[in-house]
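Reader: I would like to go through the labels used for this structure. For each one, tell me what value stands behind it.

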Amino acid sequence: MFFYLAQFLTFLAMPLTLVIACFLIACFWRNPLNRKRFLLAGIVLLLFFTNKFISNAAMFAWEPGIKPIDELPTYEVGIVLTGVTNLDKTAFDRTFFNKGADRATQAIQLYKMGKLHKILITGGQGLNPTNPNTEAELLANFMLIAGVNQEDIIIENEAVNTRQNALFSKEILLKKGFDLNSTYLLITSAFHMKRAKGCFDSIGLKTETFPVDYYSSDIKADFKSLFIPMPDGLIIWHKLFKEWIGILVYNMVGYI
């Protein structure tokens, strides 16, 4: 139920939804003055949300900082959250990635640099996919091709949300005899790390974070970012609003 609540709230609060709502109200409001006000509000909101400098600054403030690899200790297991493959495109001889492939590629880098002994990939199929594979299986196949030993890959392929990522990861670690008092390395997108860390903390599995897949870039003020409307700005705000609403709903149902 909470999943559909989160989706509904996300739809209502999305930047593009707010802009469209203003334009629709302006079209049907009979009072000319109010019509102009809503039209102006829609234009202002659209310019605000497509301003790349503002959206990048907001995401930069939200995402945790980069952690240098050489400062990391060695972890027995790195836990990789999925949500980065295209399950609406079916192929059985390759993995199609959406943005977020860093979750897999940088986990492989950590493994090959000796920072991880094993990689636990957690994630099922999500909502109404057309691809019959699970995300964990797709990432595992990619990691095998990239040189990770099969015995060093642990697959959890039932989770469909971040709460289940945490719960099912704990269950499979316990089942395979790992010490639940140890600390594991949590690998997910930087914008998603706060919610993910909260879920793992709430079920009592100790983790250190390794954020990847950054949406923000270093802050710079140039003509393009300051004055030219960019669709990238809308995408960044969409990610932020969706994550903020996800955190709100997770707090409401006691997941974090």
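Author: Start with what counts as a helix: a DSSP run of H or I with at least four residues, numbered from the N terminus. By that rule Thr162 sits in helix α7, residues 162-175. Note that the model is predicted.

Reader: Which residues is Thr162 in contact with, leaving aside neighbours within four places in sequence?

Author: Leu81, His192, Arg195, Ala196, Cys199 and Tyr250. Contact here means heavy atoms within 4.5 Å.

Reader: How are two packed helices described?

Author: By the angle between their axes and the distance between the axes. Take α8, residues 193-202, and α10, residues 231-252. They pack at about 20°, with axes 9 Å apart.

Reader: What makes α8 roughly parallel, or roughly antiparallel, to α10?

Author: The angle is about 20°. Angles under 35 degrees count as roughly parallel. Therefore α8 is roughly parallel to α10. The crossing of the two is left-handed.

Reader: Which residues make the contact of α8 with α10?

Author: From α8 come Lys194, Arg195 and Cys199. From α10 come Glu243, Gly246, Ile247 and Tyr250. The set divides into three nonpolar, one polar and three charged.

Reader: Which residues of α8 are buried, and what covers them?

Author: Met193, Arg195, Ala196, Gly198, Cys199 and Phe200 are buried. The cover includes β1 (75-81), α7, β4 (184-189), β5 (207-212) and α10. After α8 comes Gly204, with a positive phi near 80°.

Reader: How many aromatic pairs does a search of the whole structure find?

Author: The search finds 13. One of them is Trp237 with Trp244.

Reader: How do you know whether the Trp237 and Trp244 rings are stacked or edge-to-face?

Author: Their centres are 6.5 Å apart and their planes are at 70°. Pairing needs centres within 6.5 Å, and planes over 60 degrees apart count as edge-to-face. So the pair is edge-to-face.

Reader: What makes Trp237 buried and Trp244 partly exposed?

Author: Trp237 has 8% relative accessibility. That is under 20%, so Trp237 counts as buried. Trp244 has 35%. That lies between 20% and 50%, so Trp244 is partly exposed.

Reader: Which aromatic cluster do they belong to?

Author: Trp237 and Trp244 form one cluster with Phe48, Phe49, Trp62 and Phe241.

How values were computed:
Residues numbered from 1 in each chain as written. Predicted model: local features only at pLDDT ≥ 70, side-chain atom pairs only at ≥ 80, totals over all residues. Heavy atoms only, no water. Axes fitted to C-alpha atoms, helices over the stretch in contact; angles between N-to-C directions. Parallel < 35°, antiparallel > 145°, perpendicular 65-115°, else oblique. Left-handed = near helix turned anticlockwise from the far one by under 90°. Nonpolar A, V, L, I, M, F, W, Y, C, P; charged D, E, K, R; others polar. Buried < 20%, exposed > 50% of the residue type's maximum accessible area, 1.4 Å probe, protein only. Phe/Tyr/Trp six-rings, centres within 6.5 Å; stacked < 30°, edge-to-face > 60°.
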